[in-house]
Amino acid sequence: METRIRPIDESSLAEAKAILENGGVVAFPTETVYGLGGDARSDEAVDTIYRVKGRPADNPLIVHVHREYDLKTLICDEQPYAAKLRSRFLPGPLTLVYRSRGKVSAKVSCGLDTLAVRVPSHPGAQRFLRCVDMPIAAPSANVSKHVSPVTAEHVYTDLQGRIPLILDGGACIGGIESTVCDVTGDIPVVLREGLISREQIADVVGRCELYVPVAGAQVRSPGMKYKHYAPACKTYLFAADAVEEAVQKFCSCEEEGAKVFALCENSVSRRFPADRVLNLGDTGEEMAARLYALLRRGEQVADVIVAVRPRGEDGIMAGVQNRLGKACAGE
Ligand code: TXA
Ligand code: MG
């Protein structure tokens, strides 16, 4: 199958719509990462998404809708605070998990009675969703477990020959995936940290918990148990206060003949040779926006990435630290 990258215009949107109406899948941009979308009502389309990505069959998908699409047709029994979160943060990088009305393919939620729904703010995503006017099931448009794509070229690298069309909306400005928040209970529970922080949710609702998986218990967000976001090269991750150890590791790998790159925040970058730095920048927003592109560049140029955690755990940094940890964790 030939994979075409096309800018978003009337002609490419019409092509996307025709593909989706025939049970096919297309990649499209969002403000977080690129998504691989199919008609959420179609078993065939959802099967194709799982097959194309090589995704484990027990990791449910997020349904994407545009603002006007009637949410009430998809979900039921909502908590009053969910509407507050929607009016504060949507469209935007916040996915809410509701009780499902069962109107989409059961394969979207892998048989769970909940449904994750997101309204992306990216103008290209909005245009795409309005044009096709159907609920779009979409995971990130990468091969399962690889680094999520933040450009059309990243999608092409992973899915070339497996999908017919990539709608090109430029580089994603957010850079890491949406925050996933379960709103089925009395208190919102963040299942995956992301661009909207727990603090921001608590500001609106009064409270917000972070889901911490308990060993042996059933996992509430199945995606959490898988290795994720990993570049193809070897990676080492050091704590923010272990820069000396990271420098030593950098040197010892180099002595063994490996091509080594350091991944770190700007203030630490001077500890490494300037032409061997994958620079995350200074602010949390910069680090989120750059992380995946740097990991993808790293796997092309380096045998080994020596990563140093940036400082900060709060706000957007919670999401950055989470993704960095998963990208650089061993099996
Ligand atoms: O920013 C994003 O969310 C991107 C763009 C494309 O929208 N999408 C994305 O999808 O990151 P994916 O499939 O890579 O991650 C979806 C996450 C997984 O961790 C999955 O377990 C969780 O959402 N999820 C989906 N449905 C769920 C449900 N019903 N209950 C709990 N977790 C759910
Ligand atoms: Mg993903």
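Into which domains is the protein chain divided? In this predicted model, the protein chain splits into domain 1, covering residues 4–210, and domain 2, covering residues 234–327. Their C-alpha centres are 29 Å apart.

A look at the boundary between the two domains comes next. Here, 22 residues of domain 1 make contact with 14 residues of domain 2. The size of an interface is often given as the accessible area lost when the parts come together. For domain 1 and domain 2, the buried area is about 1,400 Å², and carbon and sulfur atoms give 56% of it. On the domain 1 side, the residues that lose the most area to domain 2 are Val147, Ile176 and Glu193, which together account for 37% of what that side buries.

Several polar side chains approach ligand 1 directly. Threonine 32 places a polar side-chain atom 2.6 Å from an oxygen atom of ligand 1. The side chain of arginine 118 has an N or O atom 2.8 Å from an oxygen atom of ligand 1, while in threonine 114 a side-chain N or O atom lies 3.0 Å from a nitrogen atom of ligand 1. Taken alone, ligand 1 exposes 680 Å², and the protein buries 97% of that area.

Terms used
Residues numbered from 1 in each chain as written. Chains lettered and ligands numbered in written order. Predicted model: local features only at pLDDT ≥ 70, side-chain atom pairs only at ≥ 80, totals over all residues. Heavy atoms only, no water. Polar contact = N/O pair within 3.5 Å; in protein donor to acceptor, adjacent residues only side chain to side chain. Areas by Shrake-Rupley, 256 points an atom, 1.4 Å probe, with all protein chains shown as cover. Domains from an automatic or database assignment. Contact = heavy atoms within 4.5 Å. Buried area = accessible area lost by both parts, 1.4 Å probe.
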